[in-house]
Amino acid sequence: MIKEATVSTFEAMFEPDLIRQIQQSAIEQSYEKNDIIIDIGQPMSHIPIVLDGSIKIVREDDDGKELLLYFLEKGDSCAMSLTCCIGDAKSKIRATAETDVKLIMIPSNKMEEFMSKYDSWRFYILKNYQNRFEEMLETIDTLAFMNMDERVHRYLFDKTQIANSNEIIIKHYEIAEDLNTSRTVISRLLKKLEIEGKIKLGRNKIIFLKS
């Protein structure tokens, strides 16, 4: 059962009866930054909804290289997790805490019941599918049409939006892993962006100057 204080988070999203159902069936969990919340190949028994913080969603190829798909923030759920829950399949993504995270986990066997009984739940699920689909299209566009320096700049901009700050605490190899390239390439491109006046580099941090 989730805490009473958490209920207010959903008052503008769901009807009262659905909120009561969620409160009775869901569990509340917390994760620290860099914790793996859902891993590839893991059976999907619950649907996550973010209460606070942000989560990074990635895919992994056969060689273990990761591709960043999108970030989840407050109020979001993961479309890939929803799909796996519907099909009783194993996770095809890895969800990692980008910051300290609080979320609720709704049992997947409630999915069909909520969909059939509550208009607000159907709207919430469809809206999340739409938002995640648009974000994945943006990821594809970035890969297909942007140069690597443009991808790095866009990645850093997204990080500032998540952190709500133009100061990003991150190492070069972490950017390289998210963008599926080498640390050497990232270091070179970051220096190029600094020369162009778009960022300022510090020790394990980057100041974003121009969007």
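In what order do the four strands of the open sheet come? The order is β2-β6-β4-β5, and the pairing is antiparallel. Before I go on, the ground rules. This is a predicted model: local features need pLDDT of at least 70, side-chain atom pairs count only at pLDDT 80 or more, and totals for chains, interfaces and linings use all residues. Residues are numbered from 1 along each chain as its sequence is written, and side-chain values use heavy atoms, with hydrogens and water left out.

Some terms. Helices (H or I, at least four residues) and strands (E, at least two) are DSSP runs, numbered from the N terminus. Two strands pair if DSSP finds at least two bridges between them.

Now strand by strand. Two bridges join β2 to β6. Ile36 has Thr96 in β6 as its bridge partner. Thr96 is also the β6 partner of Lys56. Ile57 is bridged to Ala95 in β6. β4 and β6, residues 94–97, pair over four bridges. The β4–β5 hairpin has five residues between its strands, and Gly64 takes a positive phi near 85°.

Which residues of β6 point which way? Arg94 and Thr96 go one way, Ala95 and Ala97 the other, and all are buried. Buried means under 20% relative accessible area, exposed over 50%, and partly exposed in between, with a 1.4 Å probe and protein chains only.

Next, the core. A nonpolar core is a set of buried Ala, Val, Leu, Ile, Met, Phe, Trp, Tyr and Cys residues joined through side-chain atoms within 4.5 Å. The largest one has 20 residues. Phe10, Phe14, Ile22, Ile104, Ile106 and Trp121 have the most contacts inside it. At least two core residues come from each of α2 (16–25), β3 (46–52), β7 (101–107), α4 (111–117) and α5 (119–145). Take Trp121. Not counting residues up to four places away in sequence, Trp121 touches Phe14, Leu18, Ile22, Ile47, Ile49, Ile106, Met111, Phe114 and Met115. Contact means heavy atoms within 4.5 Å.

Gly75 sits in the loop between β5 and α3 (79–87). Gly75 counts as partly exposed because its relative accessibility is 21%. Beyond its neighbours within four places in sequence, Gly75 contacts Met13, Ile49, Val50 and Tyr124.

Last, helix α8, residues 183–195. Its 13 residues reach 18 Å from first C-alpha to last, close to the 18 Å expected at 1.5 Å a residue. That expected span is 1.5 Å times one less than the number of residues. Which residues of α8 are buried? They are Ile186, Leu189, Leu190 and Leu193. Down the axis of α8 they fall within an arc of 105°, so they line one face of the helix. The arc is that of the directions from the helix axis to the C-beta atoms. Their cover includes α6 (148–163), α7 (172–179), β9 (199–202) and β10 (205–208). On the face turned away from the buried side, α8 carries exposed Thr184, Arg188 and Ile195. After α8 comes Gly197, with a positive phi near 80°.
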